[in-house]
Each structure stands twice: as structure tokens, then as C-alpha cells.
Amino acid sequence: MGADAIDTPSFMALGDLVEGTIVISNRQVQPGSKYEEVAARFGAAHPEHVENSAWIVGYEAALIVVEAVHAAGATDSASIR
């Protein structure tokens, strides 16, 4: 059993060594969801990475920073915190 986002291409490249691993992820594309829309756009630009869920963690982290900057109304670290 593996943790969330273990389904990376480098992990899957281990082949027989990881055969039968159960991947637990809180990211599963649901029809009509925002994630489906974002995954489609990301997959078009980065088809070699869309099969795993690790990329969405970075996307979500960036969204948090963007929202923090908007809420702060500034870009200095003290305001953002």
C-alpha cells in the first residue's frame, strides 16, 4: 500500500517490484468537476505526467499562494502570512 501521490511515473517504472501496490489518493476525476477541467488542460500540456496525481498537489499549493496574495492585497511575505 502506498501513500497519496505515490503513483508517479518513476514509481510505476519500478515494474514488477511494485506490482500489486494499492495506491490511496484523494484525487479522482469526477465528471463535470473542476479537477476534470484542470486535469484535461494539464494533460494536454504534460501528457507524460497526467497519469499520476502528484502534479495536482503543486497546483493546489500555488492556488493557496495566489489566494493569500489576493487576500493580503500585497506581495510581501509579512502581509501574505
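Visitor: Which helix do the buried residues of α2 pack against?

Guide: They pack against α3 (54-72). Buried here means under 20% relative accessible area, exposed over 50%, with partly exposed in between (1.4 Å probe, protein chains only). Contact means heavy atoms within 4.5 Å. Keep in mind that this is a predicted model, where local features need pLDDT of at least 70, side-chain atom pairs count only at pLDDT 80 or more, and totals for chains, interfaces and linings use all residues. Residues are numbered from 1 along each chain as its sequence is written, and side-chain values use heavy atoms, leaving out hydrogens and water.

Visitor: OK, which residues of α2 are buried?

Guide: Start with the general idea: an α-helix has 3.6 residues a turn, so residues three or four places apart point the same way. In α2, the buried residues are Y35, V38, A39 and G43. Down the axis of α2 they fall within an arc of 130 degrees, so they line one face of the helix; the arc is taken from the directions from the helix axis to the C-beta atoms. Over on the other side, K34, A40, A44 and A45 are exposed.

Visitor: What span does α2 reach from its first C-alpha to its last?

Guide: The expected span is 1.5 Å times one less than the number of residues. Helix α2 (residues 34-45) has twelve residues and reaches 17 Å, close to the expected 16 Å.

Visitor: And how many helices and strands does the protein chain have?

Guide: Helices (H or I, at least four residues) and strands (E, at least two) are DSSP runs, numbered from the N terminus. This chain has four helices and zero strands, in the pattern α-α-α-α. Of its 81 residues, 19% count as buried.
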